[in-house]
Amino acid sequence: MAKTLLLCDCLKSQTLDPDVIAAGSGLGCSRVHTALCQHQGEAAAQALAAGDVIVACQQERAFFEDLATEIGAEMPGFVDLRDRAGWSDEGADAAPKMAALAAESALRFAAPRSIDVVSEGTCLLIGAGEQVFDTAARLCDTLAVTVLQTDDQDLPADRRFDVIRGTLRQAKGALGGFTLRFDGFRQVLPGGRGPLRFSEPRDGAASDCDIILDISGDQPLFSAHEKREGYLRADPRQPVAVAQAAADAMQLVGTFEKPLYVRLEPSLCAHSRAEQTGCTRCLDICPTGAITPDGEHVSVDPMICAGCGACSALCPSGAISYDAPPVADVFRRIDTLARGYRTAGGQAPRLLVVDAEHGSEMIRLAARFGRGLPADVIPFEVAALAGFGHAEMLAALSSGFATVDVLLAPRTERPTPEFEVSLANAIAGRAAVTLLDMADPDALSDHLYAAEAGTPVATPALSIGTRRQVTRVAATALRPDAPVIDLPEHAPYGAVLVDTDACTLCLSCVSLCPSGALADNEDKPQLLFQEDACLQCGLCANICPEDAITLEPRLNLQPEAMRQEVLNEEEPFACIECGKLFGVKSTIEAVTEKLANHSMYANPNALRMIQMCDTCRINAQYHSENNPFAAGSPRRPRTTDDYLSESPSKRRGH
């Protein structure tokens, strides 16, 4: 049974077309109300009581949730049609966009994974002067406070909190699990008359805490410190900021749900093989240091991961994938929006990708006080802007969006989106994806109204599969006449080029290739390559002893890229004893020639063994003179006859 979309024109401030919205979304639409949150509340209650309702209002969400609770009805869904579509200079033409947004709101997804984080309220407070002691006095009734004093001012007599001195050499972890190491550690000696004294300093002191409040004014303890949960920092020159940080610290006591932002599949990781380093994309980009090497793959500390999503966008193999929500859910939302817009009569939609805080607030402000969004611009809210990579951008273009704009937030790290946009545009063959870096809602509206709409793909494609598969399908839809697309350096797609004059077919590259793109032939000396599986991780080039391998970033859309091709091959060598084919003829001949004058191979028979297969070589060694495996004749057992044949005196000697 289809859900019902409960419509309200918000005191006639927007135009709603129930027929078009229903046709594009597949939802049943109510009549258009005017003030459901006011004098028409009874109509809202009746609709909620019937169940399966989506309320077309986000501003008064609390009202409708309270109403559902009051009447014992199922909690409704919500979708914002007003700020994102109706409140606009082109609001009268926004019915297709409303249909698309309504269709998206009807989708249902699995709840994200999470773990429990327990904070008991042990807090390390770092700072100097009276300010740090005053802050400790305010906190100590709620938190178990230890002050790391960074100056030598006399201590207060207040023993409700501890005071230590020393140098904090190392801090690791996050909320509920910080580990600390101090040098020159000194703690208060509570006994004795006069000023409080400290113990003798010692190095290597270890401790732990749940919360760190840093008002020292020194360098942050962590990179991307604003993303480190449980680490609060304020400028000591700003008393209001210090007070706010202290208030925030007091809220960090209890059990919290920590989302598991990414999913790791170590077997797919191309970080290293045989102590040779390959892909380091995630390690290089992670702002919090949550990703570290772990043997042949990497590991992700879920407590430190802040969910920026950059690792997922850059990972060439899919070993790390964003999971809050999964990438499959993102593709599904994109397809639903594009299909709903077309079904409702729209022609060339544009996608505006925003985050929940900065971007969505910009849209709300532009709608209430400015021109709003154009009728063909569909906003798409994501949890992590950096995680919206080239695969997602291309999926949007191939599903029917003419262009994609990504509105950066002030705290978004730029390198990953910049690279992903360049890669997406290279594959699309045009500047279809744009990064917007602005904080003025009016400037955003003006840019979107002035921008060219562009032309969508003629035949939309469905985004199904892994990010690599979606990229290939999208590229085929967008560039049907481009068999091979040149890509920027460090792209995760490409070819392996082999200098056949230098390659000896040692096959070291095959043994290290993490994706199976490089393979050998068991029947004859061949180096095989399947281009669509290549991650461009560089392990093959790093291990090649002859420096015969180079990488070429490109996206080959020809069917041949999905099949194995021969990069290098040679004639096998025939064993001089049994004729069995083994090894590489040129290599055997070269080794034989180089060892011909070596003292260890002065005997022609020793030189001949190089030209034998494994079985014949063992036989030749076993039957040769001075066989290293030969043993002496076994000792003959002593018998009674031997004993009796000896003289009596010799027997007595025994």
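**Notebook: chain overview and helix α1**

I began with burial: 48% of the 654 residues of the chain count as buried. I note that this is a predicted model.

Next I looked up the secondary structure. I found 22 helices and 32 strands in the chain. I then checked the radius of gyration, which is 36 Å. The globule rule gives 26 Å for 654 residues, and the value for the chain is well over that, so I describe the chain as more spread out than a compact globule. I also took the box filled by the C-alpha atoms, which is roughly 130 × 90 × 50 Å along the principal axes.

I turned to contacts. I counted those between residues at least 6 apart in sequence, and 66% of them join residues at least 24 apart.

The chain exposes about 32200 Å². I see that carbon and sulfur atoms supply 49% of that area.

Last, I went to helix α1, residues 18-25. Which residues of α1 are buried? I list Ile21, Gly24 and Ser25. Looking down the axis of α1, I find its buried residues within an arc of 85°, so they line one face of the helix. I traced what they pack against: the strands β1 (4-6) and β2 (28-29), and the helices α5 (95-105) and α10 (327-343). Just after α1 comes Gly26, for which I read a positive phi of about 80°.

Technical notes
Residues numbered from 1 in each chain as written. Predicted model: local features only at pLDDT ≥ 70, side-chain atom pairs only at ≥ 80, totals over all residues. Heavy atoms only, no water. Helix = DSSP H or I, 4+ residues; strand = E, 2+ residues; numbered from the N terminus. Rg over C-alpha atoms; globule rule 2.2 N^0.38 Å. Buried < 20%, exposed > 50% of the residue type's maximum accessible area, 1.4 Å probe, protein only. Contact = heavy atoms within 4.5 Å. Areas by Shrake-Rupley, 256 points an atom, 1.4 Å probe, with all protein chains shown as cover. Arc of directions from axis to C-beta.
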